[in-house]
Amino acid sequence: MQTKPFRIGTRGSPLALAQAHETRDRLVKAHGLAPEMFEIVPITTKGDRIADRALSEVGGKGLFTEELETKLLSGDLDFAVHSSKDMATKLPEGLYLSAFLPREDVRDAFIGRAAPKLLELPHGATVGSASLRRQALIRRVRPDINVILFRGAVATRLRKLEDGLADATLLAFAGLKRLDMADIPTELLETKDFLPAPAQGAIGIESRIGDTRVGDLLAAINHCPTYDAVSCERGFLSVLDGSCRTPIAGYATCDGDELHFSGLILTPDGRTEHSVEISGKCAQALALGKQAGEQVRAAAGTGFFEGWS
């Protein structure tokens, strides 16, 4: 019987802490344990410390997970809670994504200061975003827009907007909802026009392979449709570059045992794109994602990424 608290690793931002608390609350309810049986351990990652440069310049997505994963492997943490879209496609040996919570709204939220909608921004307006996917999608529909780098926690980006550093910004609506800020967006961008990042809106839990005690604990809160959808999207990423250097979008949905996936790759200027649609059984989610990745890579040609990845 467990006598000491399970140690939950997380980044220290308000959003990351909200996600860790949601995970703890679900575990408490699922197992009838006291909240004191779970200790939330905030850890500052390199990605948190370096906020003035694009992730592609300083190492990519792993910057948000490296310190957490080191402590997982050493046994200092029992499991770690992540925003799944921040996870690298290849995890350190000995670790795996063992569970996903039910997915939140996957849409991107537009927050406009100069206009309430993206298409209504004045000519030559400035939009702040750290995401190459969002930057490319903005340029696809509004090539006149000036896109600048906006990094930092949600509050930091909103403060930059209020300070007049940009006319608008985009954030994941899921994060805003988890922070009780669902009233902030001035427009929600529909997925058919603005395909989300793979795994956007999904909270993922990482743990040690072979740790059956923790695996059994987490299995009780795993949401299978989210697990399958994110597995497909991460499979798509794994075949492509999958780093912060490439504008890649992908979104899978499960309906019963049927899965449908839409994927998209773009050049950073948004002028050239290749899309893919694929359907199949949820049980084959990972394989379907990889198949979609191979299809879109073949359509784009081997030189598509080489000039700018």
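1. **Ground rules.** This is a predicted model, where local features need pLDDT of at least 70, side-chain atom pairs count only at pLDDT 80 or more, and totals for chains, interfaces and linings use all residues. Residues are numbered from 1 along each chain as its sequence is written, and side-chain values use heavy atoms, with hydrogens and water left out.

2. Five strands make an open sheet in the order β7-β6-β8-β5-β9, with mixed pairing. Helices (H or I, at least four residues) and strands (E, at least two) are DSSP runs, numbered from the N terminus. Two strands pair if DSSP finds at least two bridges between them. The edge strands are β7 (146-148) and β9, and each pairs on one side only. From one strand to the next, the twist averages 30°. Axes here are lines fitted to C-alpha atoms, for helices over the stretch in contact, and angles run from 0 to 180 degrees between N-to-C directions.

3. **Strand β5.** Is β5 buried or exposed? Five of the five residues of β5 (residues 108-112) are buried, so the strand is largely enclosed by the rest of the structure. Buried means under 20% relative accessible area, exposed over 50%, and partly exposed in between (1.4 Å probe, protein chains only). In a regular strand the side chains alternate between the two faces of the sheet. On one side of β5, Asp108, Phe110 and Gly112 are buried; on the other, Ala109 and Ile111 are buried.

4. **Neighbours of β5.** Five bridges join β5 to β8 (residues 168-172), and the two run antiparallel. Phe110 stands opposite Leu170 in β8. Three bridges join β5 to β9 (residues 187-189), again antiparallel. Asp108 has Leu189 as its bridge partner in β9.

5. Helix α5 (residues 132-141) lies across β5, β6 (126-128), β7 and β8, at about 130° to β8. Helix α6 (residues 154-162) also packs on the sheet and touches β5 and β8; its direction makes about 165° with that of β8. Contact means heavy atoms within 4.5 Å.

6. **Another sheet.** An open sheet of five strands has the order β2-β1-β3-β10-β4, with mixed pairing. Its edge strands are β2 (38-42) and β4 (95-100). Five bridges join β4 to β10 (residues 203-208), running antiparallel. Leu97 stands opposite Glu206 in β10.

7. **Helix α10.** Which side of α10 is buried? Look at Ala285, Leu288, Gly289, Ala292, Gly293, Val296 and Ala300, which are buried. They cover an arc of only 140° around the axis, which puts them on the same side of α10. The arc is that of the directions from the helix axis to the C-beta atoms. What covers these buried residues includes α9, β12 and β13. After α10 comes Gly301, whose phi is positive, near 90°.

8. **The cores.** A nonpolar core is a set of buried Ala, Val, Leu, Ile, Met, Phe, Trp, Tyr and Cys residues joined through side-chain atoms within 4.5 Å. The largest has 20 residues; Cys232, Phe236, Leu240, Leu259, Phe261 and Ile265 have the most contacts inside it. α9 (224-239), β11 (248-255), β12 (258-266), β13 (273-281) and α10 (285-300) each supply at least two of its residues. α10 gives the most, with five residues. Apart from this core lies another, of 19 residues, among them Leu118, Ala136, Phe194 and Leu264.
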